[in-house]
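Here are a few worked exercises on helix packing and strand pairing. Have a go at each one before you read the solution.

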Amino acid sequence: MLARRNRVRRGPLAVAAAICTALVTHGGTSVAPIAAVASQASRAASADGLEVLEVRPNVFMIAGAGANITVQVGKDGVVVVDAGSAAGAEAVVAAIRKITPQPIRYVIDTGPDADHVGGNVALSQAGNQFYPGTRAAGNRPDALRSVASILAAEGVLRHMTVAAESAPARPLVGLPTESFHYAKKFLYLNDEAIEVLHQPAAHTDSDAFVFFRRSDVVVAGDVLDTRRFPVIDIERGGSIDGEIAALSRLSEIAVASVPIVSREAGTVVIPGHGRLYDQFDVIEYRDMITIIRDRVRELVNAGRSLEQVKAARPALGYEGRYGNAGGDWTTDEFVEAVYRSLMKEKS
C-alpha cells in the first residue's frame, strides 16, 4: 500500500511538471513520450502563453486558453474537445495547425461555461465536414458541412441560449449544431471509437465526458477541476450527489497502472482545469468530496443553518490543497453549494 501511495504522489508531479514546463511544437513528426517531455524543463512557453502537451501519439492537450483543450488527430481530421475562451481562440487554431494540417471535423463541448465554449465559432470555422472520399467542397448548398460540427449535450444549447438572451450585447453564435439528450453519443474517427457520455446533475445538468477508447484518454470537463473544490452550479442543475456519481463513473472508466504501479501508465484523465490525473487521483478527489458532503449532511440533519455549517468548517483537512479564501470560487461558496444541494434533496 505504501509503495502504491508513493507512486500516486510521484506520478502526477511528473506530469504536472510536463504541463507547466513543456511547450511542444509539432510539424508532422513524432514527439517524445510524456516521461521524456516532462524532463525537458528548458522548453519555453510560446509567445501567446499556450502550452501543448503530447498525451498520446495522436492526442494532445492545449493549456492556457481558458479550459484545457484536447486535440485528437488522424487521417480523418481533427476532433477538438472544448474550445477554450473566445479571446484565445485564434491562438488555439494556430497551435492546432502546428500539430497537423488536417481540418477540424468536430468541436465537442463538455459543458456550457464560457471558458469551454467561447472558442466554438473560430474553431468550427477552421474546419469542415468534407471527409476523405467525399466530393470536394466547391459551390455546394450544404453550408453546415463547410464548418466543423459543434457537438454537446442538449442542456449546453439551452444554457448558451439563455446566457445570450440575458445579455443582448452578446451575439447568439457558437451554439451546438448537434445535440443529444440521451446517455451516450458515439463517433468513430481516426480509427478510434469516441464516446460522449452525458453526466446529469454534476457540475451542471449538461456535462459530458469524452472517452477516446483506443487512446485510453478521458476528458472530464469541469466535473474535475484539479486546482480547487468542484464548482456545483445549482442554478444550472448541478448537485453534489450528481458530482460524486459522475466522479465514480469516471473512476470506473479509467484503469490504473496495475500490477506494475511504478511506471507512468494507465488511463489518462484530462480535467477541465489543472494537471493530468490517473484513476487513483480521481478516486482520491471523489473521496474527498464525499467526506465533505457527509459532514455537511450530518450538520443539516442536526438542524444547523447555513452560517452554522460554514462556521463548522466541514472542508477542514482539505482547505490547504483545494480551498480558496478569495477568487471566483471560494471554500465558503463550495460549502454553500453542498448545503443548498442537500437541502434541495430534502425538500
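**Exercise 1.** In which sense do strand β4 (residues 77-81) and β5 pair, and over how many bridges?

Solution. A quick note before we start: this is a predicted model, where local features need pLDDT of at least 70, side-chain atom pairs count only at pLDDT 80 or more, and totals for chains, interfaces and linings use all residues. Residues are numbered from 1 along each chain as its sequence is written, and side-chain values use heavy atoms, with hydrogens and water left out.

Step 1: β4 and β5 pair in the parallel sense, over 4 bridges. Strands here are DSSP E runs of at least two residues, helices are H or I runs of at least four, both numbered from the N terminus, and two strands pair if DSSP finds at least two bridges between them.

Step 2: Buried means under 20% relative accessible area, with a 1.4 Å probe and protein chains only.

**Exercise 2.** Work out how α7 (residues 240-253) sits against α8.

Solution. Step 1: the axes come within 9 Å and cross at roughly 160°. Axes are lines fitted to C-alpha atoms, for helices over the stretch in contact, and angles run from 0 to 180 degrees between N-to-C directions.

**Exercise 3.** Now do it for α8 (residues 279-301) and α11 (residues 331-346).

Solution. Step 1: the axes come within 10 Å and cross at roughly 60°. The two helices are therefore oblique to each other.

Step 1: the contact involves, among others, I289, V296 and V300 of α8 and F334, V338 and L342 of α11. Its residues divide into 9 nonpolar, 1 polar and 4 charged.

**Exercise 4.** Is T330 buried or exposed?

Solution. Step 1: find T330 in the loop between α10 (319-322) and α11.

Step 1: its relative accessibility is 14%, so T330 counts as buried.

Step 2: leaving out residues up to four places away in sequence, T330 touches N324 and A325.

How values were computed. Parallel < 35°, antiparallel > 145°, perpendicular 65-115°, else oblique. Contact = heavy atoms within 4.5 Å. Nonpolar A, V, L, I, M, F, W, Y, C, P; charged D, E, K, R; others polar. Buried < 20%, exposed > 50% of the residue type's maximum accessible area, 1.4 Å probe, protein only.
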